[in-house]
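Here are my notes on this assembly, point by point. Keep the structure open while you read.

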Amino acid sequence: MLTRFLLLGLDKKAGVLLAVLALLAVAVPVMALGTAPDSAWHLSTHTVALLGKYLCFALLALALDLVWGYVGILSLGHAAFFTLGGYAMGMYLMRQIGPRGVYGNPILPDFMVFLNWKELPWYWHGFDQFWFAAIMVVLVPGALAFAFGWFAFRSRVTGVYLSIITQALTFALMLAFFRNDMGFGGNNGLTDFKEILGFDIQAASTRVGLFVATVVALAIGYVLASSIVASKLGKVLVAVRDAESRVRFLGYETERYKLFAWTLSACMAGVAGALYVPQVGIINPSEFSPASSIEAVIWVAVGGRGTLAGAILGAVLVNFGKSYFTAALPELWLFALGGLFVLVTLFLPKGILGLAAQLRQRLPSRGAVAAKPADQKGV
Amino acid sequence: MHRAFCWLLAAFLALAAPAYAAEMDARLEPLVRGLGAGSYADTEKALAKLAETGDPAAVPVIEALQAGDLHVRKPDGAVVVAKRSGNGYALTDPVTGAPIGEADRNAVEKIKVNNALRRSMSAALGALTLMSPNAGTRWQAAEAVFKSRDANALDALNAALAKETDEGVKRAMTQARASVLLGSSAPDDDKLAAIEVLKDRGDQDALALLNGAASGGSDAVKAAAEKAVAAVENRLALWGAAQNLWYGLSLGSVLLLAAIGLAVTFGVMGVINMAHGEMVMIGAYATFLVQEAFRAWAPGLFDLSILVALPVAFLVSGAVGVVIERSVIRWLYGRPLETLLATWGLSLALQQAVRSLFGPTNREVGAPSWMSGAFQVGGLTITYGRLWIVVFAFLVFAALLVALRKTWFGLSIRAVTQNRNMASAMGIRTARVDALTFGLGSGIAGLAGVALSQIDNVSPNLGQGYIIDSFMVVVFGGVGNLWGTLVGALALGSVNKFLEPYAGAVLGKILVLIFIILFIQRRPRGLFALKGRAVEA
Amino acid sequence: MSAEDTLLYLDGVSVSFDGFRALNSLSLLIEPGEMRAIIGPNGAGKTTMMDVITGKTRPDTGTILFEGKTDLTAMREAGIANLGIGRKFQRPTVFENHTVWDNLELALKAPRRPLKTLTYAVSRDDRVRIEEILDITRLSPKRERQAGSLSHGEKQWLEIGMLLAQDPKLLLVDEPVAGMTDAETEQTARLLKDIAGKHSVIVVEHDMVFVRELGVKVTVLHEGSVLAEGSLDAVSANQQVIDVYLGR
Amino acid sequence: MLDVRSVDLHYGAAQALRGVSLTAEVGKVTCLLGRNGVGKSSLLRAIVGLKPVSGGAITWDGGDITKLAPYERARRGIAYVPQGREIFPLLTVRENLLTGYAPLKRADRSIPDEVFELFPVLKSMLDRRGGDLSGGQQQQLAIGRALVTRPKLLVLDEPTEGIQPSIIKDIGRAISYLRDKGGMAILLVEQYFEFARDLADDWAVMERGEVMLAGSRDGLVESEVRRYLTV
Amino acid sequence: QDTIKVGILHSLSGTMAISETTLKDVMLMLIEEQNKKGGVLGKKLEPVVVDPASNWPLFAEKARELITKDKVAAVFGCWTSVSRKSVLPVFEELNGLLFYPVQYEGEESSRNVFYTGAAPNQQAIPAVDYLLEKESVKRWVLAGTDYVYPRTTNKILEAYLKSKGVKDEDIKINYTPFGHSDWQNIVADIKKFGSAGKKTAVVSTINGDANVPFYKELGNQGIKAQDIPVVAFSVGEEELAGIDTKPLVGHLAAWNYFQSVDTPENADFIKKWKAFTKNDKRVTNDPMEAHYIGFNMWVKAVEKAGTTDSNAVIDSLVGVAVPNLTGGYSAMLPNHHITKPVLIGEVQENGQFETVSKTPGLVVGDEWSDYLADSKDLISDWRAPMSCGNFNVKTGKCGGKGS
Ligand SMILES: Nc1ncnc2c1ncn2[C@@H]1O[C@H](COP(=O)(O)OP(=O)(O)OP(=O)(O)O)[C@@H](O)[C@H]1O
Ligand SMILES: Nc1ncnc2c1ncn2[C@@H]1O[C@H](COP(=O)(O)OP(=O)(O)OP(=O)(O)O)[C@@H](O)[C@H]1O
Ligand SMILES: NC(N)=O
Ligand SMILES: [Mg+2]
Ligand SMILES: [Mg+2]
C-alpha cells in the first residue's frame with residue numbers, strides 16, 4: 001500500500017527532478033573531494049556550501065508550496081518552523097563544542113557564561129544527544145504548528161487573517177529569541193560550531209556529507225509531497241483551497257485536512273532548518289523575521305505555485321540570483337532582484353514552471369482540440 | 001527669547017544707571033576675566049563669584065557664555081563677546097556691550113561650556129533675574145532656583161517675593177522658596193509650611209523633595225512629609241493612568257496613519273501591497289525636500305514647511321502609486337496573491353532607488369516651532385508633535401471615510417473592487433478608478449510619511465518599520481472596514497502602552513502579538529467583521 | 001406524528017439577521033422516503049431553511065432533529081453531511097480547479113478521514129458509479145474538463161451529479177432546474193422521482209411545471225413560516241398563495 | 001440596431017463561438033435559445049465587451065463597437081443583466097442601483113419609477129447589502145440596476161432564473177412594455193420556452209457555438225426550435 | 001596577479017546599510033589614496049565590494065566567497081556583533097584577515113580578527129567615569145537595544161558601578177527592541193527616575209535606527225542635558241545628521257574620535273572625504289577612523305612582511321603603530337585590539353561634538369573584561385609562543401578554563 005501510495009507521485013516531472021537530485025548527490029562529492037583544487041572540475045567548499053544552502057531553502061519552499069499551493073494557506077510565518085528546526089540543531093551543535101568554547105566551560109555555551117548563567121536551563125538538556133536533537137528538529141516545529149493550526153483552523157481563521165497571524169507568530173518568536181533571557185544566545189544566536197556527530201564541521205568531507213544529506217532530504221520531501229498531492233487527500237486539499245465550505249458539506253472535516261498538511265509542512269520546514277544551520281554555521285533570531293518568510297513565499301511564486309517542482313526551482317534560482325547579484329552588482333542588486341519579481345508576475349503569471357503549461361495553452365495543440373465543443377454531443 | 005531679553009536688559013541698564021556703569025565694570029572686570037581662566041572647574045569658580053555679586057550687570061555676561069559667544073582674546077587674555085563677522089570676529093565688551101574692535105579667527109578662543117557649567121549658569125541666572133521686569137523671565141528664574149535649591153538665592157527670593165504681583169510667578173517663587181527651605185536648616189515651622197506648598201505643587205519634582213524630607217529631619221517634619229508624599233503619589237498615579245491613555249491614543253494614531261493608506265490599497269482593493277511602507281517613506285522624503293527648499297529660499301517661513309509638505313507628499317506618493325498601478329498592478333487583478341510578489345519587488349527597488357538618490361543615511365526633517373515642545377494639563381505632559389499627529393490622523397480618517405462613503409468616486413471604488421467586470425459593464429471606467437484608488441491609498445501613505453518624519457528616521461528603511469504593524473492593524477480591525485482600522489489602531493496602541501510599563505517594551509510587543517493571534521481566534525474576520533451571506537459569496 | 005418517525009423534524013425554528021426574521025418559527029416534518037416540494041416567494045426563507053438544516057446557519061431558536069434523535073443544531077457542517085444529508089446549492093458551487101471526474105470522486109460515498117483518503121484507490125465499483133452519474137448528467141464527454149470551464153447549466157448538472165454520488169439519506173435540492181431547458185427539466189424530475197422512496201428529498205423550485213411533474217406534497221413558505229401545505233392543485237387554488245407567489 | 005457578424009470566440013484553445021451572426025432590432029425583442037453550454041452567454045459577453053472576440057465584428061447603432069471597452073459600450077446605451085446576477089455583494093441595494101448612474105449625465109441621474117413598480121421588494125430593502133438578498137431578490141436587483149442606465153440595448157441572460165412565478169409574469173409584462181415604449185432593442189437569452197415564445201419578435205437558436213436557426217416570430221416553426229432544445 | 005585584492009564586507013542594503021555604506025565608501029577612498037601613493041608592495045590594490053545585505057548568514061557566505069573565490073588579502077567589514085560572530089569561523093577556517101572597525105562588547109579575541117573599534121574599557125568605562133567625576137551622577141539608567149552588545153556592556157557597567165558603590169535601586173536597566181520608535185513612556189520613565197533628587201544620567205547603548213525617535217522624544221519632553229544627560233555609545237556624527245540637534249545640546253557621546261577634533265591629520269582626512277564623496281555635507285565618524293587606522297596598519301604590516309600571506313601579515317601586524325586622527329599613534333596590541341584615546345563629547349547645535357574630556361594617554365584595549373567573573377582571569381596574546389586568545393592566568397593554560 002505504501003509503495004502504491006508513493007508511486008502515485010512519480011510522474012515524468014518527478015522523474016526528471018529526482019534524476020537531477022541523484023546526479024547532484026553523486027557529482028558534487030566527486031567534484032569536491034575527488035578532484036584537484038586547481039582542476040576546472042573542482043567544486044570549492046564555498047560552492048558546496050552554497051548549493052547546500054539553496055537546497056535547504058528549496059526544501060522550505062517545497063513545504064510552503066504544499067500548504068500554499070495546495071491548501072491555499074498563505075503562510076507568512078513558515079520561517080518560524082524552519083528556524084525552530086535550525087535552533088534545535090544549533091543547540092546540539094553548541095553542546096558539541098564542549099570545553100572548546102572561549103571560556104572553556106564544558107557545559108555552558110559561551111553566551112551563557114558571559115551573561116553569568118550558572119547552570120544549563122532545563123530546555124537545553126538532552127541536546128547533547130544527536131538522536132534527541134533530531135527528534136526535536138521535527139517535534140518542536142511540528143508541535144507548534146499543530147497547536148497553532150488546531151486553534152486557528154477550528155476557529156476558521158482563513159485567508160489574510162490566517163496569513164497575518166502566522167506573521168504575528170514568527171514576529172513574536174523573533175522578538176522572544178532576541179531576548180537574551182530566553183537562553184538562546186539573543187541576537188547573536190548560536191554559532192562557532194565545531195563538530196557534528198564527531199566530524200569536524202569545517203572539513204570538506206563533512207560539508208559534502210551534509211550536502212548529500214540535504215539532497216536526500218529534499219528528494220524524500222519531494223516524493224512525499226507529490227504522493228500526497230496526487231492522492232485523493234491531495235484532491236481534497238485542493239478542493240479546500242478553492243471552496244472550503246463546499247468541502248464541508250460533502251462531509252469532510254476540513255480542519256483535519258488542513259492540520260495534517262500544515263503540520264507535515266512545518267516538520268519539513270524544520271528539517272530544512274536543521275540541515276541549513278551546520279552548513280551556514282549560524283542560527284539567529286533574524287531568521288524568524290517576517291521578511292524571511294515572505295521571501296520563501298516569493299521563491300514559490302517565482303517558481304510556480306502549486307507545482308512542487310516549481311517551488312524547488314524558484315528557491316534555487318532566486319537564491320542563486322541573490323548570491324550572484326550581491327557580488328556582481330553590490331549596489332544595484334535590489335533593482336535587479338526587485339525587477340525580476342515584477343517581471344515574473346507580469347510575464348509568467350504561473351511562475352517559471354507555469355510557463356510551459358502556458359505555452360502549451362497558447363498554441364492550439366492536439367490536447368486542446370479535444371476540448372472543443374464538438375464532442376459535446378447530446379445524449 | 002533669551003537674547004531679546006538680554007538686549008532689553010542691557011538697554012534698561014544703560015538708561016537707568018549710566019552713572020555707575022564704569023564703577024561696576026571695575027568691580028566685575030576681574031571676575032569676568034576669571035571665566036576665561038582655563039579648565040571647566042576654573043570657569044565654574046569664576047562664575048560662582050560672579051553670581052555672588054548679585055549684580056544684574058553680570059547677566060549679559062552669563063548669557064553670552066551660555067550662547068557660546070564668550071571668547072578669550074589671545075594676546076591679552078581679556079574675555080570678550082565675539083561674534084562672527086566676515087572672516088573674523090566682531091568684539092564687544094561683555095559687560096557694557098560696547099564694541100571694542102575686531103579680531104582674527106585665530107586670535108580668540110571660545111570659552112567652552114559643559115553641562116556642569118550650564119547648570120551653574122542656569123542657577124546663577126535664576127538668582128540674578130528674579131527681579132527682571134519680564135514676568136516670564138522671573139518665572140523661569142524661580143523654576144531655576146527651585147531646581148538648584150541654591151541657599152544663596154534665598155535672600156534674593158524673599159526680596160523678589162515681597163515685590164511680586166503676578167500670581168503665577170508668585171506661586172513659582174513660593175515653591176522655589178519651599179524647595180530651598182526644605183533643604184536648609186530652617187526651623188520646623190518653615191519646613192512644615194514648605195511641605196504644604198510642595199504638596200500643592202504635587203508633581204514629580206515635588207515628590208522628590210518631599211521624599212528627601214521624609215527621610216530626615218525632625219519627627220514632625222518627617223510625618224508631614226510622609227503624608228504629603230502619599231497624597232502626591234496618589235495624585236500622580238491617577239495622572240499616570242491618564243498619561244498612559246494618552247500614550248496609547250498617540251501610538252494608536254501613528255498606527256492609524258500608517259495603516260490607513262493600506263486600508264485603501266489592501267483593505268478596499270485587495271492588493272497585498274508590500275510597497276505601502278515605501279509610499280510612506282516617499283512622503284517623508286518629500287517632506288525633507290520641501291524643508292530643504294524652505295531652508296534654501298525661505299528660512300523665515302520654515303514653520304510653514306510641514307503644511308506645504310502635506311499636499312506635496314500626497315501628490316508625489318499618489319503619483320508614484322498611479323504609475324505603479326498603471327504599469328504593474330492593473331495586470332494582476334483577480335490574482336491577489338501575485339500582487340504580493342510584484343509589490344515586494346517594487347518595495348525592494350524603491351528602497352534602493354531612494355538609497356541611491358538620497359544616500360543610505362538619515363535625513364534631517366525639522367519640527368516647526370508649533371510642533372515642538374510640550375505643555376502640561378494637570379499632571380499630563382502632552383507634546384505638541386504628538387498632539388498634532390493625533391489630530392491629523394483623525395482628520396485624514398474622517399476625510400477618507402467621507403470620500404468612500406458619501407461620494408460617487410467612493411461608490412465606484414467599491415463597485416469596481418467588488419466586481420470589476422460588472423462595474424465595467426455598468427459603465428464605470430474601471431481603469432481610471434483603479435488608478436485613482438491606488439493613487440489615493442498611496443497618497444494617504446504619503447501623508448503618513450509627513451507625520452512620521454516628525455517622530456522617526458527619514459531613511460530608506462522607514463517604510464519597513466511600519467509595514468507589518470500596518471497589516472496587523474488593518475487585518476485586526478477587519479479587512480475592508482475603515483472603522484475597524486480606526487478602532488484596531490487605537491486598540492493595539494493602547495494595549496501596547498498599557499502592557500509596556502509592566503512587561504517592558506520587548507515583552508510588551510510580544511504580548512500584543514499573542515493578543516492579536518488569540519483575538520483572531522475569537523473573531524476570525526477581525527474586530528469589525530462583516531457578517532452574512534454577502535461576505536461568503 | 002411523533003418526532004421519532006420522521007427523517008427530518010423542524011420545530012419552531014427562527015433565524016434573524018440584524019433584526020430581520022428570515023425564518024419565523026418554522027415547523028416542518030419529512031418522513032423517510034418522502035419527497036417534498038417547497039415553493040414560496042423570493043426571500044421566503046427557503047434557502048435559509050436549508051442553511052439551517054445543513055449547519056451553515058445556526059438557528060436562534062427551535063429544534064431540528066434528524067432521524068428523530070440527532071440534534072442538528074449542535075453539529076458542524078461536516079458532521080451533518082456525514083449523517084447522510086446532502087445538498088445542492090442554489091448557486092452552483094463546484095470545485096473549479098478539479099476535473100468533472102475528480103469532483104464526482106470527491107463527492108462519492110467513501111470514508112472521509114484524512115488517512116483513509118490518503119490511501120484511497122478508486123475501486124471498480126466506484127468507477128462504475130461515477131460513469132453512471134456522468135451518463136445521467138450527460139457530462140461524460142467533459143469528464144476531464146476543469147469544472148470551472150463548464151457553462152452555468154453544466155455546473156448545475158455537475159452539482160446534481162455530486163449529490164447523487166454522495167448517496168445521502170436526505171437530499172436538499174435548491175432550484176435544480178434553473179437554467180435548464182424544458183426537456184432537461186423533465187429529465188431532472190424523473191431523476192428525482194427515481195431517487196425518492198429510497199431517499200428523502202426536499203426540492204425547492206419556482207418552476208411550477210416541474211413541481212407539477214414531481215407530483216408530491218407541496219409546502220408553501222412565506223415570510224419564514226409555512227403558509228400552506230398540500231397538493232400542488234390545492235395550494236395553487238389558495239388565494240393567499242396566488243397573491244404572494246403565483247400571481248395572475 | 002445590433003449587428004453581430006461572424007463572431008468567433010475562444011476560451012484558451014477551446015472555441016466557444018464559431019462564426020456567429022445575429023441581429024437585434026430596436027423596438028423588438030430578440031430571443032436567443034439553446035441548450036446548456038452552446039455559447040449563449042459567451043455571445044452576450046462578447047456583445048457587452050466582457051470577453052474579446054477572436055474574429056468577426058459587432059456594430060451597434062451604426063458604430064463598430066468590436067474593440068470598445070465594456071464601459072464605453074455602456075455609455076452607448078448597452079445594459080447587461082448577467083447570468084448569475086453579479087450583484088455587488090457589499091453594496092447596499094440602493095448603492096447597487098446607483099452604480100447604474102455611471103454612463104448617465106448628471107442631470108439624468110435618478111432611479112426610474114418603473115424599477116420599483118416592477119420590483120416592489122427592492123424598495124423595502126434599499127439599505128440591505130446586495131449579497132444578503134435571496135437569489136430571486138438579487139435577480140430582480142440585477143434587472144433593476146440595468147434599467148437605471150436607461151438602456152437602448154438591453155441584454156438579458158436568463159433573467160427569470162430563480163424568480164417566483166408572479167414576478168416572472170411581471171418581468172414579461174415589463175419587457176413588452178419597454179419594447180412598446182420604443183427606442184430600445186432587447187436581446188433575451190431564455191431557457192423558459194413559453195416565456196420566450198410569448199415575448200419574442202425574432203428568434204435565434206444556437207447549437208455548439210453556432211446559430212442554427214434564426215428568423216422572425218412568424219417564420220419559425222416551434223417544433224423546429226424545440227428539436228434543438230431537447231436532450 | 002598584478003593587483004592585491006581587498007575585500008569590503010559591509011551591508012549596502014537592509015537595516016544596517018544606514019551605517020555601513022559609509023564604511024564601504026571610506027574604504028574605497030583609502031584604497032584609492034593608497035593606489036595614488038603607488039599601492040602596496042608595488043602592486044595596485046583592488047577593492048572587491050559585496051553586499052551581505054544585513055543578513056547574518058549571508059555575511060559568512062560572502063566572507064567565504066571573498067576569501068576563496070576572490071582570494072582577497074584582507075577583509076574590512078562587519079558592524080554588528082552578530083555579523084562578526086557569523087564570519088568568525090570562516091576567517092579562522094580559511095585563515096583570512098578581518099579588520100573590524102566598530103566598538104563592541106569585547107569577550108572575544110581571534111587570531112584572524114583585528115579589532116580596531118573600542119573595547120568596553122575604551123568607551124563605556126571612561127564615559128561612566130566622566131559622569132561619576134565631572135557630573136557627580138548618582139543614579140543611572142542603562143538603556144539599550146535588546147541584543148548582545150548592550151546586554152554585555154550593561155553587565156560590565158553594572159558590575160563597575162556597583163564596585164563604585166552605586167546601589168541597586170539607583171540603577172535602572174531598560175531594553176527595547178530593534179527599531180523601537182515609540183519612546184513616549186520610556187522617556188517619561190527616565191524623567192521620573194531622574195526626579196528622585198539625585199543626579200541622574202542615561203547611558204545609552206541604543207542601536208542606530210532607534211536613536212532618532214529616542215532623541216526626538218527627549219527633545220520634545222524637554223529633557224535637557226543639564227538635567228539628565230544622556231551619554232551614548234552608538235550615536236555619532238552620522239546619526240546626528242538626521243536629527244535637529246538644537247534641543248539636544250549638551251548630551252554626550254563617548255568615542256575615540258570626533259569629526260571636530262582639531263588636528264592636521266583630521267583636517268586632511270575630512271577634506272579628502274568630502275572631495276571623494278563630492279559632498280560638502282558628508283560627516284566623518286569613529287568607525288571611519290577605525291578603518292583608517294586598520295587599513296594603514298595593514299598596509300604597514302604588509303610592507304613590513306613583504307608579502308600578503310596571512311600568517312606573515314598576522315605576525316607582523318602586532319606592534320605596528322600608525323597615526324590616528326586625534327593626534328597620536330595607535331598601536332596594534334598582541335591581543336589584536338589597539339590603543340586609542342577616549343574622548344567624551346557634547347552635542348552641539350551644528351550636529352558636531354565638542355570634546356569635553358579626553359584621556360590623558362592612550363587606553364589599551366581590553367578584550368576580556370575585568371568586571372565579569374568568568375573573563376577576568378583571561379588574557380589574549382597572539383604572539384609566539386603563547387599564541388592564545390583566551391589564556392587563563394590562574395590555571396596557566398590556553399582555552400578558557402584551561403581544560
Ligand atoms: N445575512 C443576511 N442578512 C440579511 N438578510 C438576509 C441574510 N441572509 C438572508 N437574508 C434575507 O432573508 C430572507 C430569506 O432569504 P432566502 O435566501 O432564504 O430566501 P429564498 O426563499 O431562498 O428566496 P429565493 O427563492 O429568492 O431563493 C431574504 O429576504 C434575504 O434577504
Ligand atoms: N470561463 C470559461 N473558460 C473555459 N470555457 C468556458 C468558460 N465559460 C464557458 N466555457 C465553455 O464555453 C462553452 C459555452 O459556454 P456558455 O456559458 O456560453 O454556454 P451557455 O449557452 O450560456 O450555457 P448555459 O445555458 O448553461 O448557460 C461551454 O462549452 C463552456 O464549457
Ligand atoms: N558591536 C556593535 N555595536 O554591535
Ligand atoms: Mg433561495
Ligand atoms: Mg449561459
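1. Start with one term: contact means heavy atoms within 4.5 Å. By that rule, 29 residues of chain D are in contact with 22 residues of chain B.

2. A word on the source. This is a predicted model, in which local features need pLDDT of at least 70 and side-chain atom pairs count only at pLDDT 80 or more, while totals for chains, interfaces and linings use all residues. Residues are numbered from 1 along each chain as its sequence is written, chains are lettered from A and ligands numbered from 1 in the order in which they are written, and side-chain values use heavy atoms, with hydrogens and water left out.

3. How much area is buried between chain D and chain B? About 2,300 Å², with carbon and sulfur atoms giving 62% of that area. Buried area is the accessible area (1.4 Å probe) that two parts lose on being put together, summed over both. Three residues stand out: D:Y71, D:F88 and D:L90 supply 25% of the area that chain D buries against chain B, more than any other three residues.

4. A salt bridge is a side-chain nitrogen of Lys or Arg within 4 Å of a carboxyl oxygen of Asp or Glu. Between chain D and chain B the count is 1 salt bridge. D:E95 forms a salt bridge with B:R414, and their closest N and O atoms are 2.8 Å apart. The rule also finds 6 residue pairs in polar contact across the interface of chain D and chain B (both at pLDDT 80 or more). A polar contact is a pair of N or O atoms within 3.5 Å; within protein, one must be able to donate a hydrogen and the other to accept it, and residues adjacent in sequence count only if both atoms are side-chain atoms.

5. Which elements give two or more residues to the side of chain D that touches chain B? They are α2 (70–75), β6 (78–81) and α3 (93–98) of chain D. Of these, α2(D) gives the most, with 5 residues. Helices (H or I, at least four residues) and strands (E, at least two) are DSSP runs, numbered from the N terminus. By class, this side of chain D has 16 nonpolar, 5 polar and 8 charged residues. Here Ala, Val, Leu, Ile, Met, Phe, Trp, Tyr, Cys and Pro count as nonpolar, Asp, Glu, Lys and Arg as charged, and the others, Gly among them, as polar.

6. Now look at chains B and E. Of the 8 pairs of chains in contact, they share the most contacts. The contact takes 53 residues from chain E and 48 residues from chain B. Together they bury about 3,800 Å², 43% of it on carbon and sulfur atoms. E:Q184, E:N220 and E:Q226 supply 17% of the area that chain E buries against chain B, more than any other three residues.

7. The interface of chain E and chain B has 7 salt bridges by the rule. B:R119 forms a salt bridge with E:E135, with the closest N and O atoms 3.0 Å apart. The side of chain E that touches chain B divides into 18 nonpolar, 19 polar and 16 charged residues.

8. Some chains do not touch. Chain C and chain E have their nearest C-alpha atoms 38 Å apart. For chain D and chain E, the nearest C-alpha atoms are 37 Å apart.

9. Turn to ligand 1. Residues from chains B, C and D surround ligand 1, so the site is shared between chains. A residue is near a molecule or strand if one of its heavy atoms lies within 4 Å of it. Of the 24 residues around ligand 1, B:R533, C:T47, C:T48, D:S134 and D:G136 come nearest. A polar side-chain atom of C:N42 lies 2.8 Å from an oxygen atom of ligand 1.

10. Last, ligand 2. It lies between chains A, C and D, with 22 residues around it. An oxygen atom of ligand 2 is 2.5 Å from an N or O atom in the side chain of D:S42.
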